[in-house]
Amino acid sequence: MKNLPHKDALKFILAGKSMFAAINTKTGNQFTFRVNKSKDDKFYFVSGGSDKESLSYLGTINEYGYKHGKKSNIDKSAQVNKVFEYVFNKLLSNSLPEVIELFHYGRCGRCGRTLSVEENIDMGIGPECIKKLNKVDKRDAIINLLLAS
């Protein structure tokens, strides 16, 4: 697993096909999450569990944030659900405590392929995928500027 800096975490998580672990260094608690973009690019499916082999559907992310899914087999009050909601909301507000460390599993957050170049491993996004994400970022920035005018 490779440490994922908090400043890069949202970009990685919402890249399209990410898998990451959230570890509380104070308590030792650890959960793994997978976040996959829907085919129509309108929302993300969130799965979570105690390790990467035991992931279950938790809910979705859309423009309003994270919402626990009604069809989830995991209760809304379960710790894995609370941890994802907490981490995601703290990342959105840029206030995730340093005791929470995030790690990716050496796979591209956008396409899921194994990363092999050190620079890309550090970011969690492969070289081809980072080009595509940067184009999307530029497009979204222009759209946001246009809408604000």
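This is a predicted model: local features need pLDDT of at least 70, side-chain atom pairs count only at pLDDT 80 or more; totals for chains, interfaces and linings use all residues.
Where does Arg113 lie? I traced Arg113 to the loop between strand 7 (100-104) and helix 3 (118-123). Is Arg113 buried or exposed? Its relative accessible area is 58%. Exposed means over 50%, so I noted Arg113 as exposed.

**Strand 2.** Next I turned to strand 2, residues 17-24. How many of its eight residues are buried? I noted six, so strand 2 is mostly covered.

I checked its partners. Strand 3 (residues 30-37) runs antiparallel to strand 2, and seven bridges join them. Within this pairing, I saw Lys17 opposite Asn36 of strand 3. Strand 2 and strand 3 form a hairpin with five residues between the strands. In that hairpin, I noted a positive phi near 85° at Gly28.

Strand 7 is also joined to strand 2, by five bridges. These two strands run antiparallel as well. Here I found Ala21 opposite Phe103 of strand 7.

**Ser72.** Last, I looked up a serine in a loop. Ser72 lies between strand 6 (65-68) and helix 2 (79-92). Is Ser72 buried or exposed? I read a relative accessible area of 12% for Ser72. Buried means under 20%, so Ser72 counts as buried. I also compared Ser72 with Leu58. They are 14 residues apart in sequence, and their C-alpha atoms are 5.4 Å apart in space.

Key:
Residues are numbered from 1 along each chain as its sequence is written. Side-chain values use heavy atoms; hydrogens and water are left out. Helices (H or I, at least four residues) and strands (E, at least two) are DSSP runs, numbered from the N terminus. Buried means under 20% relative accessible area, exposed over 50%, partly exposed in between (1.4 Å probe, protein chains only). Two strands pair if DSSP finds at least two bridges between them.
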